[in-house]
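Reader: Hi! Could you walk me through this one while I have it open?
Author: Happy to. Let's look at it together.

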Amino acid sequence: MFQQFLDTVKGIIMSSGFANCPWQNLLMIAIACVLLYLAIVKGFEPLLLLPIAFGMLLANIPVANLSSHAEGSLIYYLYQGVKMGIYPPLIFLGIGCMTDFAPLIANPKSFLLGAAAQGGIFFTFIGATLLGFTPKQAGAIGIIGGADGPTAIFVTSKLAPELLGAIAIAAYSYMALVPIIQPPIMKALTTQKERMVVMDTLRPVSKTEKVIFPIMVTIIVSFLVPDAAPLVGMLMLGNLMRESGVVDRLVKTAQNELMNIITIFLGVSVGATATGDRFLSPETLKIIALGLIAFCVGTACGVLLGKLMYLVTGGKINPLIGSAGVSAVPMAARVSQKVGQQYNPANFLLMHAMGPNVAGVIGSAVAAGVLINICR
Amino acid sequence: MEFALLVTITGMVVVFAALIFLTLCIWLLGKIVGGIGGGSKKDAAPAPQKPAAPAARPAAPVQQAAASDGVPEGVVAAISAAVAMMMGGKPFKVKSIRRQKSGRRPAWSTAGIIENTRPF
């Protein structure tokens with residue numbers, strides 16, 4: 001009897017995590033704790049980084065089998081929404097409900113700045129190919145430059161699901177670092193005179209335009225790049241629901257409860273893809289480096305086109321809003337505002353920068369569609 | 001490497017083409033909606049002003065103060081006529097006309113804007 005008791009206890013101990021812990025799992029748990037520290041204490045995009053970091057923690061607890069790939073586990077089933085490309089478009093639905101496209105409609109030239117900033121994506125694609133990644137992987141790494149979490153997850157789940165953990169963590173970490181990464185590049189590429197440009201007030205936008213805009217964008221972009229249709233379609237659906245003013249309860253749900261539910265499921269399941277065997281490799285370090293390059297090049301391309309537009313319009317456009325084409329809404333627009341105000345305290349660039357900022361969201365969705373199409 | 005360059009060029013061209021096309025469509029949309037909405041408003045505004053101005057001038061006895069701050073007499077006359085129209089026929093006296101500092105917001109206003117946008 002006593003012997004049986006001892007055997008049972010021994011069996012429990014032998015099947016516990018403590019007895020079966022490879023060093024990789026311990027290291028991953030440590031990394032997860034660092035990310036949790038960044039999310040909670042330093043405030044790095046906590047809405048996503050906290051679930052991602054905790055998902056990573058859960059996935060690397062030995063024997064518990066809670067990773068996204070462990071068939072039958074809770075997180076495996078939550079992960080299906082990522083694998084099948086359901087969660088990112090639904091997050092875009094919520095984002096569309098929260099976005100005001102009026103600054104873009106009032107000044108459609110902002111679309112060009114949104115397009116230029118996507119240069120970071122393709123430049124990084126070249127870099128990733130040179131570093132030895134396959135075209136599909138390079139496409140997934142390049143999309144980090146779009147500075148758009150749901151887009152990055154959407155593309156990666158379609159092109160290179162094995163890199164999902166690293167890419168998601170890189171994307172959200174760099175989005176949190178936009179206020180640190182962007183200003184030096186913006187200041188290096190502009191002159192004092194250009195930074196001090198005060199832009200004309202935006203024209204008022206009628207409700208008719210605000211209602212027709214999402215319908216028009218959906219039709220045009222989906223016809224041109226059908227692979228971008230899930231993302232752009234849901235973004236514009238959300239926006240149409242908001243601007244029409246007739247479906248208020250749907251808008252409230254989409255931007256609150258639905259966003260929160262999907263964020264939780266997406267974050268935990270994406271984090272739980274980062275198991276030791278996939279994450280602890282030189283590829284991850286390369287991805288982190290390439291992600292930084294993507295953001296920097298995207299900012300530079302946006303500012304450079306901003307300079308060109310400044311010259312072409314005879315000084316009417318402040319090049320600092322070009323960096324807001326990197327679609328980290330609204331962080332990049334705030335950075336433009338802050339840098340502009342440093343040089344001219346009466347300069348109020350925020351609304352002008354929101355134009356390129358939201359144009360960048362559409363631009364990165366189009367770029368995502370192109371990448372999925374070419375690298376399929 | 002060639003494939004990478006091909007993807008880059010294709011990608012940038014497609015993204016720019018799509019967004020330029022969108023730019024044109026939105027600009028056109030703005031013009032169309034603006035044309036329909038603004039045309040009806042503009043006709044109404046100038047008409048009531050014209051009958052009001054000649055009616056106001058004979059009705060109201062206007063006394064002008066001496067032009068101050070170097071404001072030319074013609075400008076004083078124009079300003080007085082505008083005030084007369086706004087007063088709608090009631091007698092009034094223009095006491096002084098001072099040039100306002102143009103283009104600058106009041107200091108409190110600027111301070112308020114800076115305060116509200118600083119958290120960004």
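Reader: Is helix 5 of chain A largely enclosed or left open by the rest of the structure, and why?
Author: Helix 5 of chain A is largely enclosed by the rest of the structure, because nine of its 12 residues are buried. Keep in mind that this is a predicted model.

Reader: Thanks! Which residues of helix 5 of chain A are buried?
Author: They are Y87(A), P88(A), P89(A), I91(A), F92(A), L93(A), G94(A), G96(A) and C97(A).

Reader: And what covers the buried residues of that helix?
Author: The cover over helix 5 of chain A includes helix 4 (74-83), helix 10 (149-159), helix 15 (229-244), helix 16 (248-271) and helix 20 (350-374) of chain A.

Reader: How far does helix 5 of chain A reach from its first C-alpha to its last?
Author: Helix 5 (residues 87-98) spans 17 Å, close to the 16 Å expected at 1.5 Å a residue.

Reader: Nice. Switching to the interface: how much area is buried between chain A and chain B?
Author: About 3100 Å², and carbon and sulfur atoms give 87% of that. The contact takes 44 residues from chain A and 30 residues from chain B.

Reader: Which helix of chain A gives the largest share of the side that touches chain B?
Author: That is helix 14 of chain A, with nine residues. The residues on this side of chain A divide into 30 nonpolar, nine polar and five charged.

Reader: Let me zoom in on T8(B). Where is T8(B) found, and is it buried or exposed?
Author: T8(B) is in helix 1 (residues 2-44) of chain B. Its relative accessibility is 13%, so T8(B) counts as buried.

Reader: What does T8(B) touch?
Author: Leaving aside residues up to four places away in sequence, T8(B) touches F122(A) and I126(A). Also, a polar atom of the T8(B) side chain lies 2.8 Å from the backbone oxygen of A4(B).

Reader: Last topic, chain B overall. What is its secondary structure?
Author: Chain B has four helices and two strands, running α-α-β-α-β-α from the N terminus on. Of the 120 residues in chain B, 22% are buried.

Reader: And what share of the contacts in chain B between residues at least 6 apart join residues at least 24 apart in sequence?
Author: That share is 66%.

Key:
Residues are numbered from 1 along each chain as its sequence is written. Chains are lettered from A and ligands numbered from 1 in the order in which they are written. This is a predicted model: local features need pLDDT of at least 70, side-chain atom pairs count only at pLDDT 80 or more; totals for chains, interfaces and linings use all residues. Side-chain values use heavy atoms; hydrogens and water are left out. The expected span of a helix is 1.5 Å times one less than its number of residues. Buried means under 20% relative accessible area, exposed over 50%, partly exposed in between (1.4 Å probe, protein chains only). Contact means heavy atoms within 4.5 Å. Buried area is the accessible area (1.4 Å probe) that two parts lose on being put together, summed over both. Ala, Val, Leu, Ile, Met, Phe, Trp, Tyr, Cys and Pro count as nonpolar, Asp, Glu, Lys and Arg as charged, and the others, Gly among them, as polar. A polar contact is a pair of N or O atoms within 3.5 Å; within protein, one must be able to donate a hydrogen and the other to accept it, and residues adjacent in sequence count only if both atoms are side-chain atoms.
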